Amino acid sequence: MKLAITGTGAVSSAGWGVAALMDALASGKTPEPSLLDRTGGETLIRTPVLRVPTEGATTPKFARLRRTSPISKFAAAAAVEALGESRMAAIAAGELRVGVIFTLLNGCVNYSNRFFGEVLTDPAMASPILFPETVFNAPSSHLSAMIGSHAPNDSLIADSTGFFSGIDLAAEWIQRGEVDGCLVVASEEIDWLSAEGLCLYSKNYLPSEGAGAIYLEAADGPVRLLHLPDPVSFSGYSRIEAAVKIRERLNVENDGHALLIDGRVDIARFDLPETKAWSDWSGPRWSPRVTLGEAMGASTALQIVAAVEALKAGGFQKAVVTATGGNQQATGVLLGR
Amino acid sequence: MAYSSDSPISQNLRPVVVTGMGIVSPMGRDLAENTAGFRAGRMAFSPVTLFDVSRQRVGTAGQVDLPDRAPDFGISKKAWGRMDRGTRLAVLAAREAMAEAALCGGEIPLIVGTSAAAMPIGEDYFKAALVNTPDRHTQLRRVETYQAQRQMTDMARELGVHGPLRIISNACASGANAIGHAFHLVRSGRAEIVLAGGYDALCQLVFAGFDALQALSPSGIPRPFDAARDGLALGEGAGFVVVESAASARSRSVKVIAEILAYGAATDVHHLTQPHPLGDAALVTMQSACAMAGLAPEQIDYINSHGTGTPLNDIAEGNAIQRWAGDAVGKIKVSSTKSATGHLLGGAGAVESVISLMALKEQFLPASLNVREADAVCSFDLVREPREAEVRRVLTNSFGFGGANATLIFGKEGIA
């Protein structure tokens, strides 16, 4: 069965929408970081971060989103952009069965932070409004409710490579005939707690946030899913071995024409697996995290959105997207026109 | 599991069996202890000692008696020390399932459901971050080991399981979804063997969250399907199964525990935390699972219900069972084993699958305990005491926050 990515959506530190993402990648210019202050604790610590700008927000109008934190708002905006108006109408009319797969690493850190702070202060006063939003699958529940879909909905926790597992599962659902199409979304938000956490790995990390979404369906274009090999687990291989193995499994021709979009962040020790695995790559190579910061699972989704848009623009026949996660697996996908 | 546009899709759907099961619950640390407990109709609630509950409305839960010492089946002291409480529960159950299936690992997929994951480590990170000078090394270790995929990758390494890892977090349906995913992978020929299950450990944030929602029974004693039920009790535990093609089980000459006949999943978009009062999505999952298995409701010998003991869940599930069974509803035997163990959240669906398999294997029905007067919605046969019975097919329901609904059907080998 031929599967194609026929819709994309993005929210990133470059702004709301796919156009803002592609403009930023074309310019290669990193947005101006802001400083994120601790809201608790005894010491003032400021972490440089790349936030999603508040201006130009395209958060859909939907009652449930009023009380959510940014992770759900980013996800909803990216999802609506990926689906487009006509599909939204078809779902509402019961003419289109759309599954939802949501992938994440961090989850709703803002409300978890606030709720647990309240629990430690006085559990009797901890807000019952906050707690449900801390559950990992709250954002994906909002997505299904927003589009009015009763089709299966799964949330997958993973390292930053989870979006690939989401596409794999979506392909499975479509091939099985369980859904007509599938929305795959990854979204992440930051707060001071998670930003400091990321910077414990390296002070050179620039924590970021955002969301990426694709719509996958049985179709012959414009951008086809050609090959999505099994991820290589770190339970059996080192990060470098896993990245090398993924390249072998992708079996992509190094003819100088295909576009490589990798997961490097410009920190040598974290980039080492992909640097080594693709050292002889002769084609063009993009590393969106270097420009847009580290938004974990959302960054990987944005890599794929960028690959789809690059293929649609006509400059390339094929694009290979790779990511080597922090503590789970190495992954990759081959897309083509 | 890989996708390639050149590969044809297999149209031959294969029989899927369970060849190993493992369980850790407040009732006991292995299958034998759990079987004895459910057969005896025992309850397993005790005061919570893992964190401070002095300012909560409720102070009890189904807490597992888990030793600090590493188990003696090859897990190093260091690896055990790095595991969070939930992963320790998971590794014990997974190891038991693999041992029964005579499985030593290999390139098999691991599919796991969890809701809270390693939250207690996240709680420690948060508390330490608020003090003046937290130790950087300790905090980095906490950030790293807080992540569910790190914990499950470590567990896979210890078990010798090197295939792809998929972690599903659909709240309280997660464990059932994990087994359902494994079923589909094997059924479609994308995998021969999958290790699947679910786990969750008690933690302060989630305990306080359910308390804040006033979802916990103030007495600490849940009474699913009782007319005056007043909430759930939380618990912790893990359940794992080895899901395998019947052909693979035959070729390995391993004993088959049961067949997995069907899996249904649907999404209830009524409300983030409240099911549709008529149980619309639950009805869909039960109907679709029965259609997949080619079964009529009266052919189901027992339903292990989601049955949390909250007013809203039990009425919705009861209505769904009534609508699904129609005139046969009086013959449908139903119980909620959460009345004995508490609600194991992300582990519930997997643990209750193992309890369902236990009912098939041992030919008895575990009970809904603590029912004084059954709710009017119980037009079905509510099993209030453990009961010997001929059990050929079992259906288990799992419903979660966010509207994740799942139904699994198991049958004795050859019943399909």
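Ala249(B) lies in helix H9 of chain B, which spans residues 246-252; helices (H or I, at least four residues) and strands (E, at least two) are DSSP runs, numbered from the N terminus. This is a predicted model, in which local features need pLDDT of at least 70 and side-chain atom pairs count only at pLDDT 80 or more, while totals for chains, interfaces and linings use all residues. Residues are numbered from 1 along each chain as its sequence is written, and chains are lettered from A and ligands numbered from 1 in the order in which they are written.

Is Ala249(B) buried or exposed? Ala249(B) is buried, because 23 other C-beta atoms lie within 10 Å; the term buried requires 20 or more other C-beta atoms within 10 Å of the residue's own, exposed means 12 or fewer, and partly exposed is in between, with C-beta atoms placed from the backbone. Leaving aside residues up to four places away in sequence, Ala249(B) touches Val17(B), Thr19(B), Glu244(B), Val254(B) and Val256(B), contact being C-beta atoms, placed from the backbone, within 7 Å.

I turn now to strand S7 of chain B, residues 193-200. Here 8 of the 8 residues are buried, so S7(B) is largely enclosed by the rest of the structure. One side carries Ile193(B), Leu195(B), Gly197(B) and Tyr199(B), the other Val194(B), Ala196(B), Gly198(B) and Asp200(B), all buried.

Strands pair if DSSP finds at least two bridges between them. With S5(B), residues 110-113, S7(B) pairs in the parallel sense over 4 bridges, and Ile111(B) has Ala196(B) as its bridge partner. With S8(B), residues 237-245, the pairing is antiparallel over 8 bridges; there, Asp200(B) is partnered by Gly237(B).

Note on methods: Contact = placed C-beta atoms within 7 Å.
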